[in-house]
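Subject: Handover of a structure and its findings

Dear colleague,

Please find below the structure that I am handing over to you. I would be grateful if you could read the notes that come after it with the model open beside them.

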Amino acid sequence: MPSRSSESGTGRPPVGDGRPPTARSVPVPPANPTRIDNPGAAPAAGSPGPSGTPLSGTPTAADYYAVNRGGGLFSEAISQRIGARIAVQAHKRRLTPTVLTILNLGLGCLTSFVVIAAAGPVAGGSIWAAPIGLLALIGWQMAYAFDCSDGQLARVTGRSSPAGGRLDVLCDVAVQASLVAALSATAAAQEPDTPAWLLAAFAATWMVNLVTSVMQTGSQAASMVTSRSLPVRAAKLVRDYGAVIALAGVVLTVAPQFAVWFVALFTLVNGGFLAASIAFAGRESLKS
């Protein structure tokens with residue numbers, strides 16, 4: 001799966017190379033622990049912001065967006081901006097980052113469970129595909145927006161903590177496991193002859209991105225392609241979690257019979273990324 005950055009304000013995650021190296025916000029002093037999946041946290045309100053200007057009063061959507069953790073071209077342009085607006089409303093209602101993390105968990109898993117339950121009826125023609133696909137498109141995107149907002153809220157308000165980071169990662173695992181199950185169930189329902197090994201490989205290579213996402217912290221952070229040029233970032237959309245789940249939602253809406261091709265495509269993409277990452281890390285290890 002293309003990853004995303006979670007409470008990093010990503011997340012799930014183009015992890016690793018799917019997004020620019022995650023160090024996009026200002027480092028915090030050691031005394032202020034950050035969520036484990038958001039190493040470069042931003043200051044709390046009233047302390048210097050990313051531009052060096054003290055944050056005063058109630059943080060705005062721009063303040064929250066300024067400390068986003070990337071995630072790729074699509075995620076930065078859409079998911080992180082929605083997340084910033086969610087963070088504004090959460091702050092007004094005195095919600096904690098953990099509440100937003102749990103909302104990501106609940107909405108993401110509920111959406112996936114509906115898709116799984118409807119996979120057979122949609123394939124059999126007793127349920128229209130469009131409403132289920134639209135639910136998946138909107139539900140997964142909003143869950144990801146909550147995933148982006150929890151990290152933004154944590155960094156700007158100074159509520160980052162290792163425990164919050166662990167919760168965020170675990171919720172990401174649950175949401176993405178449910179999403180993989182939903183896509184696999186749809187593919188198997190539409191194409192009963194879908195090889196079991198393909199579904200297994202799809203799940204395994206997708207979840208590898210969560211591992212690389214957590215590894216993108218501190219001294220372990222690295223990117224195989226560091227260019228920020230538009231063509232490179234456009235090519236990285238296949239590793240942009242927001243873009244990939246949007247594509248998944250579109251497929252389920254207009255052509256669920258192509259779900260097996262979606263599964264095959266991203267098994268190749270994520271498997272290729274894993275192989276390239278191993279080669280890259282091996283070369284760097286030999287150098288050191």
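The notes below set out what was found, beginning with the basis of the values.

The model is predicted, so local features need pLDDT of at least 70 and side-chain atom pairs count only at pLDDT 80 or more, while totals for chains, interfaces and linings use all residues. Residues are numbered from 1 along each chain as its sequence is written, and side-chain values use heavy atoms, with hydrogens and water left out.

Overall picture

The protein chain has 9 helices and 0 strands (DSSP runs numbered from the N terminus, with H or I of at least four residues for helices and E of at least two for strands). Its pattern along the sequence is α-α-α-α-α-α-α-α-α. Of the 288 residues, 50% are buried (buried is under 20% relative accessible area, exposed is over 50%, and partly exposed lies in between, with a 1.4 Å probe and protein chains only). The accessible surface of the chain is about 12,000 Å², and carbon and sulfur atoms account for 71% of that surface (Shrake-Rupley method with a 1.4 Å probe; for residues, only the protein chains shown count as cover).

Salt bridges

The structure contains 3 salt bridges (a side-chain nitrogen of Lys or Arg within 4 Å of a carboxyl oxygen of Asp or Glu). One of them joins the side chains of E76 and R233 at 2.9 Å, N to O. This pair links distant parts of the chain, with E76 in helix α2 (residues 73–92) and R233 in helix α7 (residues 230–235), 157 residues apart. Both E76 and R233 are buried.

R283, E284 and K287 form a network of salt bridges. R283 meets E284 at 3.8 Å, N to O, and E284 meets K287 at 3.6 Å, N to O. E284 and K287 are both in helix α9, 3 residues apart, about one turn of the helix. R283 is partly exposed at 46% relative accessible area, E284 is partly exposed at 33%, and K287 is exposed at 62%.

Aromatic pairs

The whole structure has 3 aromatic pairs (ring centres of Phe, Tyr and Trp, the last by its six-membered ring, within 6.5 Å; planes under 30 degrees apart are stacked, over 60 edge-to-face, and the rest tilted). Among them, F202 and W206 have ring centres 5.5 Å apart and planes at 65°, so this pair is edge-to-face. Both residues of this pair, F202 and W206, are in helix α6 (residues 196–215), and both are buried. The rings of F262 and F266 have centres 4.7 Å apart and planes at 40°, so they are tilted. F262 and F266 are also both buried.

Two buried polar residues

T267 is in helix α9 (residues 259–287) and is buried at 12% relative accessible area. A polar atom of the T267 side chain lies 2.7 Å from the backbone oxygen of V263. Leaving aside residues up to four places away in sequence, T267 touches L198, A201, F202 and T205 (contact is heavy atoms within 4.5 Å).

Q141 is in helix α4 and is buried at 15% relative accessible area. A polar atom of the Q141 side chain lies 2.8 Å from the backbone oxygen of G242. Beyond four places in sequence, the residues that Q141 touches include F74, I245 and A246.

Yours sincerely

Methods
Polar contact = N/O pair within 3.5 Å; in protein donor to acceptor, adjacent residues only side chain to side chain.
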